[in-house]
Amino acid sequence: MSDDYLVRIGKLIRDARQHRGWTQAQLAEALNTSQSAVNRIERGNQNISLEMIARIGEALDSEIVSLGYAGPMHLRVVGGRRLSGAIDVKTSKNACVALLCASLLNKGRTVLRRVARIEEVYRLLEVLNSIGVRTRWINDGVDLEIVPPAELDLAAIDADAARRTRSIIMFLGPLLHRLDRFMLPYAGGCDLGTRTVEPHMIALRRFGLDIAATEGQYHAVVDRSVAPDRPIVLTERGDTVTENALLAAARHDGTTVIRNASSNYMVQDLCFFLEALGVKVDGIGTTTLTVHGVPTIDVDVDYSPSEDPVEAMSLVAAAVVTESELTVRRVPIEFLEIELAVLEEMGLDHDRSPEYFADNGRTRLVDLTVRPSKLEAPIDKIHPMPFPGLNIDNVPFFAAIAATAQGKTLIHDWVYDNRAIYLTDLNRLGGRLQLLDPHRVLVEGPTRWRAAEMMCPPALRPAVVVLLAMMAAEGTSVLRNVYVINRGYEDLAERLNSIGAQIEIFRDI
């Protein structure tokens with residue numbers, strides 16, 4: 001292996017380690033080697049085998065090298081271009097993964113319309129296929145058909161795929177109705193810091209599910225004599241916690257009241273889907289859900305998840321950061337009203353069409369036209385709140401937007417331990433962001449963006465924010481290893497190119 005390649009690989013390993021937030025000592029411990037060896041590897045001063053590179057990639061959850069298939073995907077971005085025209089919002093990533101988990105409740109055939117073809121969905125499909133569920137893309141690959149087996153084979157589960165998605169934890173709710181004992185790998189996904197799964201366990205214990213976590217597995221045992229005898233009060237108004245409680249309640253033969261429930265977009269879509277399965281849910285859109293469960297679900301169901309408000313916010317942010325006029329169609333307005341109110345306060349010039357319904361017949365959509373605007377920093381800080389507050393996943397986009405505005409904006413991302421740290425990657429592109437603590441970033445604008453080459457942050461939304469800044473920066477930027485973006489967005493580069501961006505997908509040899 002040439003010295004040049006050793007140096008390049010060393011830099012990739014160093015960047016991946018730093019994005020993970022690890023020291024050289026922590027990586028050395030994971031590899032059962034010395035810190036000095038890691039230091040030599042990162043400086044390109046030590047020969048390194050493919051096996052060691054693969055081990056490092058696994059430890060850092062980063063595709064530094066790929067064995068037996070195409071290497072990691074990178075993006076080359078020619079920035080400084082204006083966007084124009086119109087673009088449709090795709091269906092919701094978070095709704096689609098919840099509905100895939102919910103399909104385990106049904107003994108019949110489930111068809112989901114216009115499913116997002118993203119890595120997160122692919123990982124769940126790999127898990128479902130491994131335990132005996134038959135899935136196939138139909139109607140020219142637009143829709144997804146799901147047919148469960150009579151008996152699930154949890155012993156054959158694809159553990160690698162399961163560990164690469166946080167959504168695997170939503171298998172607990174459906175599986176407790178089908179199996180008395182089972183094991184699931186620990187949930188993975190974005191690197192967003194420690195998030196306890198205890199709220200899930202508290203809710204599911206009320207249905208007789210007992211979990212012991214050992215050796216990278218959840219060991220689950222179900223006591224059929226246990227059932228909720230009073231309302232379940234969630235200790236965290238989280239989306240996946242609420243969804244897990246709904247999935248458990250759906251086949252509980254009785255009425256379950258869930259309080260402090262999330263009323264966010266993916267929860268509402270799940271409730272609409274459960275109603276299509278014959279489960280009555282009262283209080284959709286509120287923080288108290290009453291579920292009238294049915295012990296057996298065996299129906300052929302056809303359902304269309306609604307559009308993704310976070311993708312819609314991404315596209316709005318793309319227009320703002322590149323100072324473009326752009327129409328974003330099929331925006332689920334109910335879940336972006338606070339964000340738009342904040343942007344209006346900052347001076348955003350935009351129009352919206354009359355409302356119309358999504359294909360599920362329930363979610364309200366509009367077409368939104370954004371025009372170049374002179375923005376001022378908001379008086380109040382930007383911070384998320386459970387719906388109907390500003391969406392947790394939309395907070396990172398305000399970092400790029402605030403960087404284009406006149407003045408200083410305080411962003412307080414109180415939910416995740418690490419995500420705010422990744423926003424400071426914008427400084428590599430000319431941003432002026434000051435990390436005040438792990439949750440707060442002070443953004444000063446306006447920004448003269450400049451091109452750069454960098455590793456993709458390991459968290460989905462900050463990764464897209466970096467891409468948007470590259471689109472605004474004059475010159476050519478490179479964003480390396482964009483797997484995390486593909487987890488949440490379908491063909492994002494191609495779709496942005498269709499409205500005037502210039503983004504090239506490439507891979508290393």
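Student: What's the strand order in the open sheet of four strands?

Tutor: The order is S4-S5-S3-S13, and the pairing is mixed. Strands are DSSP runs of E, at least two residues, and helices are runs of H or I, at least four, numbered from the N terminus; two strands pair if DSSP finds at least two bridges between them. This is a predicted model, where local features need pLDDT of at least 70, side-chain atom pairs count only at pLDDT 80 or more, and totals for chains, interfaces and linings use all residues. Residues count from 1 along each chain as its sequence is written, and side-chain values use heavy atoms, leaving out hydrogens and water.

Student: Which strands stand at the edges?

Tutor: S4 (134–138) and S13 (301–303). Each has a single partner strand, so one side of each lacks a neighbour in the sheet.

Student: And how do S3 and S13 run, parallel or antiparallel?

Tutor: Parallel, with three bridges joining S3 (residues 110–112) to S13. Leu112 has Tyr303 of S13 as its bridge partner.

Student: Switching to helices: which one lies across S4 and S5?

Tutor: H6 (residues 119–130), running at about 140° to S4. Axes are lines fitted to C-alpha atoms, for helices over the stretch in contact (heavy atoms within 4.5 Å), and angles run from 0 to 180 degrees between N-to-C directions.

Student: At what angle do H5 and H11 cross?

Tutor: Roughly 35°, with the axes of H5 (residues 93–102) and H11 (residues 265–276) coming within 8 Å.

Student: Which residues make that contact?

Tutor: From H5, Asn94, Ala95, Ala98, Leu99 and Ala102; from H11, Tyr265, Met266, Asp269, Leu270 and Phe273.
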